[in-house]
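Keep the structure open while you read.

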Amino acid sequence: VIIMKIARDNMKKGLFITFEGNDGSGKSTISNMLYESLKKAGYPVILTREPGGDRIAEAIRNLILDPNNTDMDARCEALLYAASRRQHLISKVVPAIEAGKIVLCDRFIDSSLAYQGVGRAIGFDAVYQINQFAIDEHMPDRTLFLKLSPEEGLKRIQDRSFKDRLDQESQAFHDRVAEGYQQVLRQFPKRIHIIDASQSIEQVFQDCYEEIMALVKEHENGNS
């Protein structure tokens, strides 16, 4: 009980931690496991996702990922992601951080840079500028990139009962997304930590947990 109280009291301003990776890399599973572990340890933590996270942003998510919307223009897609991100950020993420909570988020700006900037060939810089307007300099404190080949990722999602519009994209598209993430990693080497997602789920969780706890302790000591 004392340890839990210290954990809560030391969190003044919160932390924003995001998870990135190709489809099938295990982001949702791992972020859920981390959320449960941090909550059990007594940390004030919330788990959310993009696109989505609140009522309006989820409505935009449904529009973007609907398999019937195959004729959606690439720039329209990028703008919808940015709109959803803005709504989610202001309504949920920023208030939680200001309340001293740890925010775990499945995807953020890096996904748009990889999927729309490179995957859709809109341009890395163009998508970055769109999102700068949307996020107003609110970048994650740390991003865990679950690294997995696009081929293996697509194998993992074959058994999903529902495949959204992006799940159904070609192998060539997912290969471009992987290339986009490599560009993201080069652009933000200090913020993004690479996790080998080809390992067992237990080892992936452990690697992510150690990264997060190191950041939390640094934050608690006032060095972040």
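The second largest pocket of this predicted model holds about 290 Å³ of space. Its lining comprises 16 residues, and Lys 13, Gly 14, Ile 97, Met 139 and Asp 141 are the closest to its centre. The largest pocket holds about 830 Å³.

**Second largest pocket**

- β1 (15–20), α4 and α9 each give at least two residues to the lining of the second largest pocket.
- By class, this lining splits into 6 nonpolar, 4 polar and 6 charged residues.

**Largest pocket**

- The lining of the largest pocket counts 39 residues.
- Nearest the centre of the largest pocket are Asp 23, Lys 27, Ser 28, Asp 106 and Arg 160.
- Two or more lining residues come from each of α2, β2, α3, α4, α5 and α9 (201–220).
- Helix α2 supplies the largest share of this lining, with 6 residues.
- The lining divides into 14 nonpolar, 13 polar and 12 charged residues.

**Nonpolar cores**

- In soluble globular proteins, nonpolar side chains tend to be buried together.
- Here the largest nonpolar core has 37 residues.
- Phe 16, Val 103, Leu 113 and Tyr 115 have the most contacts inside this core.
- The elements that contribute two or more residues to the core are α3, α4, β3 (102–106), α5 (109–119), α6 (124–135) and α8 (171–187).
- Helix α4 gives the most to the core, with 9 residues.
- Another core, of 23 residues, lies apart from the largest one.
- Tyr 35, Leu 144, Ala 197 and Cys 208 are among the residues of this other core.

**Contacts of Phe 16**

- What does Phe 16 touch, leaving aside neighbours within four places in sequence?
- Its partners include Val 93, Ile 97, Val 103, Cys 105 and Phe 108.
- Contacts of Phe 16 also include His 138, Met 139, Pro 140, Asp 141 and Arg 142.
- Two of these partners, Met 139 and Asp 141, are listed with the residues closest to the centre of the second largest pocket.

**Helix α3**

- Helix α3 spans residues 55–65, and Ala 57, Ile 60, Arg 61, Ile 64 and Leu 65 are buried in it.
- Viewed down the axis of α3, these buried residues fall within an arc of 120 degrees, so they line one face of the helix.
- An α-helix has 3.6 residues a turn, so residues three or four places apart point the same way.
- On the other side of α3, Arg 55 and Asn 62 are exposed.
- The cover over the buried residues of α3 includes β2 (45–49) and α4 (74–98).

**Ser 112**

- Ser 112 sits in helix α5.
- Is Ser 112 buried or exposed?
- Ser 112 counts as buried, because its relative accessibility is 1% and the cut-off for buried is under 20%.
- Not counting residues up to four places away in sequence, Ser 112 touches Tyr 81, Arg 85, Gly 117, Val 127 and Asn 131.

**Gly 42**

- Gly 42 is in the loop between α2 (27–40) and β2.
- With a relative accessibility of 9%, Gly 42 counts as buried.
- Gly 42 and Cys 208 are 166 residues apart along the chain, and their C-alpha atoms are separated by 18 Å.
- Cys 208 is one of the residues of the 23-residue core.

Methods:
Residues numbered from 1 in each chain as written. Predicted model: local features only at pLDDT ≥ 70, side-chain atom pairs only at ≥ 80, totals over all residues. Heavy atoms only, no water. Buried < 20%, exposed > 50% of the residue type's maximum accessible area, 1.4 Å probe, protein only. Helix = DSSP H or I, 4+ residues; strand = E, 2+ residues; numbered from the N terminus. Arc of directions from axis to C-beta. Contact = heavy atoms within 4.5 Å. Core = buried A, V, L, I, M, F, W, Y, C linked by side-chain atoms within 4.5 Å. 1 Å grid on protein atoms, 1.4 Å probe; cavity = no way out; pocket = protein on both sides within 12 Å on 5 of 7 lines; lining within 4 Å. Points joined across faces, edges and corners; volume = space filled by probe spheres on them. Nonpolar A, V, L, I, M, F, W, Y, C, P; charged D, E, K, R; others polar.
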